[in-house]
Amino acid sequence: MPNDNDTKVYIKAMVQALDSKRGEDIQVLRVADLTSIAEYFVICAANSSTQVKTLADEVEFRLKQDYAIMPHHIEGHDSASWILLDYGFALVHVFLDSAREFYGLEKLWKDATAIPVDEL
């Protein structure tokens, strides 16, 4: 698990990767006090299944290229309505707009601390 400073750098890189491919409504939630599965959730929406894949691929590419970090596990790449990249310290959720609304992670994790992306 990376230290706090490195974690913030990696979270910022994830957000920048999503933003560079026009990810929508990017949210960062600190969930460390609520669960042991990750310290952060990074959540993003896309307009099409093609964009969902593009966004997930960009996060994976940027973290591998810039920091030599690979996700431990990837789920949903075949369906592309919700792709999950598990980095251990962070879970990156890339949703099709309709899937994001349906699953409502922000509502399920409403007790998490929202981190404004402009403060990363």
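I took buried to mean under 20% relative accessible area, exposed over 50%, and partly exposed in between, with a 1.4 Å probe and protein chains only. This is a predicted model, so I read local features at pLDDT of at least 70 and side-chain atom pairs at pLDDT 80 or more, while totals for chains, interfaces and linings use all residues. Residues are numbered from 1 along each chain as its sequence is written, and side-chain values use heavy atoms, with hydrogens and water left out.

**Entry 1: Gln51**

I started with Gln51, which lies in helix α2. Helices (H or I, at least four residues) and strands (E, at least two) are DSSP runs, numbered from the N terminus. Is Gln51 buried or exposed? Gln51 counts as buried, at 14% relative accessibility.

Next I looked up its polar contacts. I counted pairs of N or O atoms within 3.5 Å; within protein, one must be able to donate a hydrogen and the other to accept it, and residues adjacent in sequence count only if both atoms are side-chain atoms. The Gln51 side chain reaches the backbone nitrogen of Asn47 at 2.8 Å.

I then listed contacts (heavy atoms within 4.5 Å). Leaving aside neighbours within four places in sequence, Gln51 touches Lys21, Arg22, Gly23 and Ala46.

**Entry 2: nonpolar cores**

A nonpolar core here is a set of buried Ala, Val, Leu, Ile, Met, Phe, Trp, Tyr and Cys residues joined through side-chain atoms within 4.5 Å. The largest one has 26 residues. Met14, Val42, Val59 and Tyr87 have the most contacts inside it. Two or more residues each come from α1 (4-20), β1 (24-30), β2 (40-46), α2 (49-67), β4 (82-86) and β5 (90-96). Which element gives the largest share of this core? Helix α1 does, with 7 residues.

Beyond four places in sequence, Tyr87 is in contact with Met14, Val59, Glu60, Leu63, Ile69, Met70, Pro71, His72 and Val92. I also found a second, separate core of 11 residues, and Ala38, Phe95, Ala99 and Leu105 are among them.

**Entry 3: aromatic pairs**

I paired rings of Phe, Tyr and Trp (its six-membered ring) if their centres lie within 6.5 Å; planes under 30 degrees apart count as stacked, over 60 as edge-to-face and the rest as tilted. That gave 8 aromatic pairs. In one of them, the rings of Phe102 and Tyr103 have centres 5.0 Å apart and planes at 90°, so I logged the pair as edge-to-face. Phe102 is exposed at 66%. Tyr103 is partly exposed at 39%. Tyr10, Tyr67, Tyr87 and Phe89 form one aromatic cluster.

**Entry 4: salt bridges**

My criterion was a side-chain nitrogen of Lys or Arg within 4 Å of a carboxyl oxygen of Asp or Glu. How many salt bridges does the structure hold? It holds 4.

Arg100 bridges to Asp25, with the closest N and O atoms 3.5 Å apart. The pair links distant parts of the chain: Arg100 is in helix α3 (residues 97-103) and Asp25 in strand β1, 75 residues apart. Arg100 is buried at 8%, whereas Asp25 is partly exposed at 48%.

Glu106 also bridges to Arg100, the closest N and O atoms being 2.3 Å apart. Glu106 is partly exposed, at 26%. Shared partners join Asp25, Arg100 and Glu106 into one network.

I noted Asp33 with Arg30 last, at 3.6 Å between the closest N and O atoms. Asp33 is exposed at 71%, and Arg30 is partly exposed at 29%.
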